[in-house]
Amino acid sequence: MNIPPDSSPREQPAPERALFLSKRDYAAGADRIIGLARRELNVFDPDLSEFRLDTPERVQVLASFLHADRDNRLHIAVHDPEYLKRHCPRLM
């Protein structure tokens, strides 16, 4: 791997698995994953209604991630965009 002299490699988090037994576990897992994102964040969900990306706190974390580096990317794929259209104006 060639690394330019003025940059350093970013530490990669160790892979881990987690079992979500409640909506609270799911929300905590989402926060953790968003917080660990360094270059690219890929989200796939049927409609994002449970992921709750529309909360002010998550919008701020996502904005911080995107503003941290101009090459950072957020990709979102949903089957049904209606929830996003109706309930996520900050995300849109």
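Modeller: Two strands pair if DSSP finds at least two bridges between them. Helices (H or I, at least four residues) and strands (E, at least two) are DSSP runs, numbered from the N terminus. The model is predicted, so local features need pLDDT of at least 70 and side-chain atom pairs count only at pLDDT 80 or more, while totals for chains, interfaces and linings use all residues. Residues are numbered from 1 along each chain as its sequence is written, and side-chain values use heavy atoms, with hydrogens and water left out.

Colleague: How many helices and strands does the protein chain have, and in what order do the elements run?

Modeller: The protein chain has three helices and two strands. Starting at the N terminus, the order is α-β-α-β-α.

Colleague: How do you know that S1 and S2 pair?

Modeller: Strand S1 (residues 40-45) and strand S2 (residues 73-78) share six bridges, and the rule asks for at least two. The two strands therefore count as paired, in the parallel sense. Within this pairing, Phe44 is opposite Ala77 of S2.

Colleague: What makes S1, H2 and S2 a unit, and what is its hand?

Modeller: S1, helix H2 (residues 56-68) and S2 form a β-α-β unit, and the unit is right-handed. The label applies because, with the strands pointing away from the viewer, the path from the first strand over the helix to the second runs clockwise.

Colleague: Why is Gly29 called buried?

Modeller: Gly29 has a relative accessible area of 12%. Buried means under 20%, exposed over 50%, and partly exposed in between (1.4 Å probe, protein chains only), so Gly29 counts as buried. Gly29 belongs to helix H1 (residues 23-36). Its C-alpha atom is 7.9 Å from that of Ala18, which is eleven residues away along the chain.

Colleague: Which percentage of the protein chain is buried?

Modeller: Of the 92 residues in the protein chain, 23% are buried.

Colleague: What does the side chain of Asp45 reach instead, and which side chain joins it in a polar contact?

Modeller: A polar contact is a pair of N or O atoms within 3.5 Å; within protein, one must be able to donate a hydrogen and the other to accept it, and residues adjacent in sequence count only if both atoms are side-chain atoms. The side chains of Asp45 and Tyr26 make such a contact at 3.2 Å. The Asp45 side chain also comes to 2.6 Å from the backbone nitrogen of Leu48. Asp45 itself lies in strand S1. With neighbours within four places in sequence set aside, Asp45 is in contact (heavy atoms within 4.5 Å) with Tyr26, Ala77, Val78 and His79.

Colleague: Why is the pair of Lys23 and Glu50 called a salt bridge?

Modeller: The closest N and O atoms of Lys23 and Glu50 are 3.6 Å apart, so the pair meets the distance rule. Lys23 lies in helix H1 and Glu50 in the loop between S1 and H2, so the pair ties together parts that are 27 residues apart in sequence. Lys23 is exposed at 61% relative accessibility, while Glu50 is partly exposed at 40%.

Colleague: How many salt bridges does the whole structure hold, and what joins Glu82, Lys85 and Arg86?

Modeller: The search of the whole structure finds five salt bridges. One of them joins Glu82 to Lys85 at 3.4 Å, N to O, and another joins Arg86 to Glu82 at 3.7 Å. These salt bridges share partners, joining Glu82, Lys85 and Arg86 into one network. Glu82 and Lys85 are three residues apart in helix H3 (residues 82-87), so about one helical turn separates them. Glu82 is partly exposed at 31% relative accessibility, Lys85 is exposed at 54%, and Arg86 is exposed at 62%.

Note on methods. Salt bridge = Lys/Arg side-chain N within 4 Å of Asp/Glu carboxyl O.
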